Structure formats: C-alpha cells, structure tokens
Amino acid sequence: MNEWLTIAMPKGRIFEEAVQLLRKAGFPIPPEFEESRKLIVDAPEANMRFILAKPMDVPTYVEHGVADIGVAGKDTMIEEERDVYEVLDLNISACYLAVAGLPEYEKSDVNPKVASKYPNLATQYFKQQGEQVEIIKLNGSIELAPLVGLADRIVDIVSTGQTLKENGLIELETIVPITSRLIVNPVSYRLKDTVIDDLVERVAQVIGVEEQV
Ligand code: PRP
C-alpha cells in the first residue's frame with residue numbers, strides 16, 4: 001500500500017480549498033505546501049506528488065496519464081471531452097457560467113459577437129438557443145471584451161459577481177452551475193485501484209456524499 005499517487009492540481013482559487021479537503025481526509029500535506037512556487041511538490045508522508053497546472057490544463061495531464069488523478073472544474077470538463085473518469089463532485093469552488101454584457105445591450109441580428117474562454121461550450125449553448133453568433137476566443141480577463149467593443153456579450157464564470165459589477169456589466173442569462181470534480185486516468189484506476197478507491201472514499205466522507213463512481 002505504499003504506492004504513490006501523482007495528483008494534478010489547479011493553481012489559483014481552487015487550489016487552497018482542494019488542499020484543505022485532502023488534509024481533512026487525513027492526508028498529511030505539509031503546511032509550507034501553499035507557499036511554494038515549485039510546480040512539482042512532493043508530500044512523502046502522504047505518498048503523493050502534486051503537479052501544479054493551469055486549471056484548464058489539469059484534464060490534459062490526467063488524460064495523458066502523467067497524473068493519476070486531478071482536481072478539475074466542471075467548466076473545463078464541459079469545454080473539452082476527455083478520456084478520464086469523473087469520480088466525485090468535490091462541491092468546492094462553486095460558481096456558474098453565464099452570459100453577460102453591458103446594461104444597454106440589445107440583441108441584434110447583425111453579426112453578434114461573444115467572447116469566451118470556452119469556445120466549444122459557448123458555441124453549443126447559442127446553438128441550443130437557436131442563435132447564430134461569432135465566438136471570439138480569449139484566454140482571460142473576458143470582461144474586457146464588451147468594454148472595448150471586441151464583443152457584444154461574454155460567456156464566463158461568475159463567482160461573487162464582483163468582476164461583472166466593477167466593470168459595469170450585467171448578467172443576461174445563467175447557463176450552468178459549476179463545481180470542482182475529482183477526475184481519474186482510466187489506466188491508473190486499473191493499476192492503482194486500491195489506493196485511488198481509498199482516497200476517493202476518504203474525500204467523499206469528508207464532503208458527506210456517497211462515492212459517485
Ligand atoms: C474568473 C472569471 C471571472 C471572475 C469571476 O477569472 O473568468 O473573470 O473569475 O469571479 P467573480 O464573480 O468572483 O468576480 P479569473 O480570476 O480566474 O481570471 P481570468 O480572468 O484570467 O480567467
């Protein structure tokens with residue numbers, strides 16, 4: 001039972017909550033862990049190696065098997081279909097995806113543009129709504145797009161709503177609620193099933209849900 005697990009963690013806002021969850025589940029992760037700027041951090045007492053990736057990239061590391069498991073936002077899982085198992089809703093970093101724009105925004109038929117970090121998801125959403133739009137892919141600070149006239153609307157994550165508010169934007173439509181998920185590489189799950197099942201069970205107990213495999 002001394003098998004090591006490699007865990008891909010998203011840098012940024014989800015990170016701390018995910019680490020706390022693992023600690024509560026009884027995995028001894030050193031206190032200096034959060035302060036490190038290293039991208040690979042070992043927690044030898046927990047038999048864990050963490051790789052710290054951009055949130056959008058976590059599923060890529062897990063799909064390619066360089067990480068056994070990962071913590072990924074549901075948004076990243078919807079955006080791109082991945083060959084990974086989504087085993088547990090961690091119920092952390094709750095937020096939602098929404099369409100937003102300037103308060104004076106009015107729907108027009110003339111070449112409407114939507115900026116987003118989620119081009120596939122946004123395309124699918126507007127198709128379902130029966131609206132034809134041009135999607136402009138951005139990598140961050142999406143709220144800038146309507147302010148400078150790059151797009152009429154945006155599809156983005158809303159958490160506290162502060163970013164929209166401070167930039168004078170309003171929410172126009174809610175798309176889907178988002179939380180972080182525990183994802184597992186299918187081959188790792190076969191080879192390290194005991195240790196992965198143990199982790200999933202312990203984390204599930206902390207968040208008070210039945211295992212969702
Ligand atoms: C996310 C999201 C919004 C903001 C929402 O961006 O894209 O911009 O957070 O949070 P709020 O509702 O609490 O204001 P993030 O900070 O991850 O950075 P990004 O703009 O580089 O994507």
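**View 1. Helices and a strand around the largest pocket.** At least two residues of the lining of the largest pocket come from each of α1 (13–24), α3 (74–79), β9 (153–158) and α6 (162–166). Helices (H or I, at least four residues) and strands (E, at least two) are DSSP runs, numbered from the N terminus. The model is predicted: local features need pLDDT of at least 70, side-chain atom pairs count only at pLDDT 80 or more, and totals for chains, interfaces and linings use all residues. Residues are numbered from 1 along each chain as its sequence is written, and side-chain values use heavy atoms, with hydrogens and water left out.

**View 2. The centre of the largest pocket.** The lining has 34 residues, and R13, P55, K117, Y118 and I157 lie nearest the centre of the pocket. A pocket is an open set of points on a 1 Å grid over the protein atoms alone, where a 1.4 Å probe fits, with protein on both sides within 12 Å along at least five of seven lines; lining residues have an atom within 4 Å of a point.

**View 3. The loop between β5 (85–89) and β6 (95–101).** This loop holds N91 and also S93. N91 is not a glycine, yet its phi is positive, about 60 degrees. S93, also a residue other than glycine, has a positive phi near 55 degrees. N91 is exposed, at a relative accessible area of 51%, whereas S93 is buried, at 16%. Buried means under 20% relative accessible area, exposed over 50%, and partly exposed in between (1.4 Å probe, protein chains only).
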